[in-house]
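Try each task yourself before reading the solution under it.

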Amino acid sequence: TQATTFQSKADFLAAMTPVAKKVADELGVSHRIILAQAALESGWGAKAKNNAFFGIKSHGKAGGQTFTTHEEVDGKQVKITDSFRQYDTPEDSIRGYGDFLKSNSRYRHFLAAGNEDAQLMALQESGYATDSKYAQKLKSIIKGLPDEADT
């Protein structure tokens, strides 16, 4: 798998927004949340190992990649090593993210939530990330998205 990295936020958004919008339409969620998650999890695409833009664990599935990251445990940052899914392209990563959410019932409230704020709250409550400030960080990223990411 050849990792794709982006040199700037603008490059990241230009490449990721069209697919994020398509997957968001299929899921019934805000594409801005998808973009914000990919930005947060990958440093705006600068550090997406093997196109793992969403930090989805392998959960025992073959073909994962093992690397070290940090998770919040009992309010503290803890270094962990785990296996994460990898993808051929950034677009495959976004599609894989959509498939992951659709196939896991723990995300049904996120997928059924009405507006963006409700979706952020439902995503936080789903346990997608261990970070207790995950939704707050996503909201901050969303506020900084350029207007063209809103359409």
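**Exercise 1: a loop residue**

A113 sits in the loop between α4 (108–112) and α5 (116–126). Keep in mind as you go that this is a predicted model.

Task: work out whether A113 is buried or exposed, and find which residues A113 is in contact with beyond its neighbours within four places in sequence.

Solution. 
- Start with accessibility: the cut-off for buried is under 20% relative accessible area. A113 comes out at 13% relative accessibility, so A113 counts as buried.
- Next, the contacts. Setting aside neighbours within four places in sequence, A113 is in contact with A118, Q119 and A122.
- Finally, check a C-alpha distance: V29 is 84 residues away from A113 along the chain, yet their C-alpha atoms are separated by 7.8 Å.

**Exercise 2: a helix residue**

Solution. 

**Exercise 3: charged pairs**

Side chains of opposite charge can pair when their charged atoms come close.

Task: how many salt bridges are there, and where in the chain do the partners E116 and R32 sit?

Solution. 
- The count comes to eight salt bridges.
- Take E116 and R32: they form a salt bridge, with the closest N and O atoms 2.8 Å apart. This pair links distant parts of the chain, as E116 is in helix α5 and R32 in helix α2, 84 residues apart.
- Now try D117 and K139, whose side chains meet in a salt bridge at 2.9 Å, N to O. Here too the pair links distant parts of the chain: D117 lies in helix α5 and K139 in helix α6 (residues 134–143), 22 residues apart. D117 is partly exposed, at 44% relative accessible area, and K139 is partly exposed at 34%.
- R95 is partly exposed at 42%, and D92 is partly exposed at 28%.
- One last item: K57, E71 and D82 are linked in a network of salt bridges.

Notes
Residues are numbered from 1 along each chain as its sequence is written. This is a predicted model: local features need pLDDT of at least 70, side-chain atom pairs count only at pLDDT 80 or more; totals for chains, interfaces and linings use all residues. Side-chain values use heavy atoms; hydrogens and water are left out. Helices (H or I, at least four residues) and strands (E, at least two) are DSSP runs, numbered from the N terminus. Buried means under 20% relative accessible area, exposed over 50%, partly exposed in between (1.4 Å probe, protein chains only). Contact means heavy atoms within 4.5 Å. A salt bridge is a side-chain nitrogen of Lys or Arg within 4 Å of a carboxyl oxygen of Asp or Glu.
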